[in-house]
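Open the model in your viewer and keep the selection tool at hand. The stops below say what to select next and what is there.

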Amino acid sequence: MNDSAQNSSATHTSSGIPLKSVYGPADLAGDPPDPGHFPFTRGNYPSGYRGRLWTFRQYSGFGTAEESNRRYRYLLEQGGTGLSVALDLPTQCGYDSDDPEVGEEVGRVGVAVDTLADAEVLFDGIPLDRISTSFTINGTAAILLAFYVAAAERRGIPRAKLTGTIQNDILKEYASRGTWIWPPDPSLRLIADTIEFCAAEVSSFNAISVAGAHFRDAGANAVQEMAFTLADGVTYCDTVLARGRMTIEQFAPQISFFFYTHGDFFEEIAKYRAGRRRWATIVRERYGATSDKASMFRFGCVAGGASLYAPQARNNTVRVAYEALASVLGGVQSMFTAAWDEPFALPSEESTTLALRTQQILAHETGVARVADPLGGSYFVESLTDATEARIVEIMADLERHGGMVRAIEDGYLQGLIADEAYRIHQEVESGTRPVVGVNRFTADEPAPELATYELDAEGLDRQLKRLADVKATRDAVTVRTALAELTRAAEGTDNLMPRLIDCANAYCTVGEMVAALKAVWGEFQQPVVF
Amino acid sequence: MTTATTAATATRVLIAKPGLDGHDRGAKIVARALRDAGFEVVFTGIRQRIESIVATAVQEDVAVVGLSILSGAHLALTARVVEGLRAADAADIAVVVGGTIPAADVPRLHAAGAAAVFPTGTPLDAVVAGVRALTTTAVEPAL
């Protein structure tokens, strides 16, 4: 797998797949079935994007519950149909806003949610029975889901009417994003609890979005990104099926995926085509699913991320446009296009609009959406799709031989693979063997871009701390104690924890208290340190 | 040349990530580059408390603590580490800072006690040279 070290960018893809200078009929292994047919190499839908374009999903989140609520109402007035909620790091890692360890980070990268009271303010006046809400939350996803259900029910909206998604993908947190709390095994149990709970009671809510994007941002190459993500998907399916309460047909349609698209154009297209085929094949062969709905690989992506650079930053607009085109040719369902100033600033309104326009021009002017899988049958693209899939299979087999994803995370094997690749890519960019315009080619003397400085919103923090103090002063202490004790007791057994978490939410327990009640049984993840 | 390498071999560096931000790609790349350059490198992992960074630095007897901070909280976190080392009678341990650091904050970090600052985009060779300059006495190797 490390044979790529001496590759040249002229003859190999960025993941190290060797390329010939020309491809012909002899490179085709056979004609892939039409779009809309298993194994969906050529896309999930027979008429491609004609029936429905991909979704333009621009992500943002900031400030306190009040500010976010005002922003959501504005977006809905402008015709938006979905909300995207970004939480601050203390909420994501299971700390309350009044924890002395985290004062610096309250409300910084998203909204702080400590108790149901915050969720009630956050969604005040928003018709939760008609609006879909997506939460970028993992370690504490089950707790946020409990808040969402409780907040809706207090306003008379039944849980069955709620729609949306929680990311809820803990495995990639251990290896790349870092918002883990408990060890992998109990975390997987909690995720299975949410999947079963959603299927039974919140059936229009997606309980998990398996994300490879964070592996990529941490340094994985395109092929590793897809392989690690599918391996995570397999681990979640294995976990749910081992409990024997649900069938693959019941929950596989709830699973979706999420990736970064970077700059190696055909490699990215082949990555998505190969990933779609591999997932469909796994769901059918490993789990015996028969329906198309269960075997379909649905994914969203971000064009941008670590493929963008600060020097000559306006070049990023061009990078994002090519990446967006590759994503569409790969058959993406929803896309976020990053703003050119993202490497060094919170995107401005102008740069964010330009990023959205990039998608709109692609969708409405270029004509790429007219024909399903326009590259299908290309000698090169089909051959690269085959080669990519073969490498994905190899990497997944290597992880299985290692003892599976959980083992590879616990002993740092997975983190080591990602760190190796990150170091290699960094050295290639510094030495110039991986050309990056404006960085190691065609450089210009220009002043360094002015980085944005974050100012802590002291007033917002005070308001948050006051609300938390008020909640703690007015809630019923006995109800709180009982709910937390019941949660701990349930964690010791095998019952679904979601009803207990909803009880805790209704008792106005804090995120930190619920996390502690579970830590008492499960302990904490001990990170292996690998570099 | 051999003399300089031998001197560097004994030098220990702690790479640390304070705060809740989990982006450790840069920290790990720098850790590996320093190791490849002959330093003995200890990496704390992510989400470290200031007290535990200070305790590790003292316990491992490092010459330099490298903080990797991308969250925007670099001024406060750096000051707390410098104060912590001072309080632990370890003010001789140099503190250097890397990450998303606005140019305007570089002098402020120096004022807070940082011995060197390596904003995103600093070549690895420059990071290694900067750390080496802090850890080797000004003895030129004999030719």
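Because the model is predicted, local features need pLDDT of at least 70 and side-chain atom pairs count only at pLDDT 80 or more, whereas totals for chains, interfaces and linings use all residues.

**Stop 1: two helices of chain A**

Select residues 477-492 of chain A for α18 and residues 511-522 of chain A for α20. Helices (H or I, at least four residues) and strands (E, at least two) are DSSP runs, numbered from the N terminus. The two axes come within 9 Å and cross at roughly 35 degrees. Axes here are lines fitted to C-alpha atoms, for helices over the stretch in contact, and angles run from 0 to 180 degrees between N-to-C directions.

Now show the side chains. On α18(A), the contact is made by A:Leu484, A:Leu487, A:Thr488, A:Ala491 and A:Glu492; on α20(A), the residues include A:Met514, A:Leu518 and A:Trp522. Contact requires C-beta atoms, placed from the backbone, to lie within 7 Å. By class, this contact has nine nonpolar, one polar and two charged residues. Ala, Val, Leu, Ile, Met, Phe, Trp, Tyr, Cys and Pro count as nonpolar, Asp, Glu, Lys and Arg as charged, and the others, Gly among them, as polar.

**Stop 2: the sheet of chain A**

Strands of a sheet pair through backbone hydrogen bonds, either parallel or antiparallel. In chain A, five strands form an open sheet in the order β1-β9-β8-β7-β6, and the pairing is parallel. Two strands pair if DSSP finds at least two bridges between them. Select β1 and β6 (208-211) of chain A: these are the edge strands, each pairing on one side only.

Next take β9 (residues 334-337) of chain A, which pairs with β1(A) over two bridges. A:Phe56 stands opposite A:Met335 there. Helix α13 (residues 349-364) of chain A lies across β1 and β9, at about 140 degrees to β9(A).

**Stop 3: one residue before the sheet**

Select A:Ala10, in the segment before β1 (55-56) of chain A. Is A:Ala10 buried or exposed? A:Ala10 counts as exposed because it has 9 C-beta neighbours inside 10 Å; the cut-offs are 20 or more other C-beta atoms within 10 Å for buried, 12 or fewer for exposed, and partly exposed in between.

**Stop 4: the sheet of chain B**

Turn to chain B, where an open sheet has five strands in the order β2-β1-β3-β4-β5, paired in parallel. β2 (40-43) and β5 (116-119) are its edge strands. Select β3 (residues 64-69) and β4 (residues 94-99) of chain B, which pair over six bridges. B:Leu67 has B:Val97 as its bridge partner in β4(B).

**Stop 5: a helix over that sheet**

Helix α3 (residues 50-59) of chain B lies across β1, β2 and β3 of chain B, running at about 170 degrees to β1(B).

**Stop 6: where the chains meet**

Show both chains. The contact takes 26 residues from chain A and 25 residues from chain B. On the side of chain A, the largest share, five residues, comes from α16(A).

Definitions and conventions
Residues are numbered from 1 along each chain as its sequence is written. Chains are lettered from A and ligands numbered from 1 in the order in which they are written. Two residues are in contact if their C-beta atoms, placed from the backbone, lie within 7 Å.
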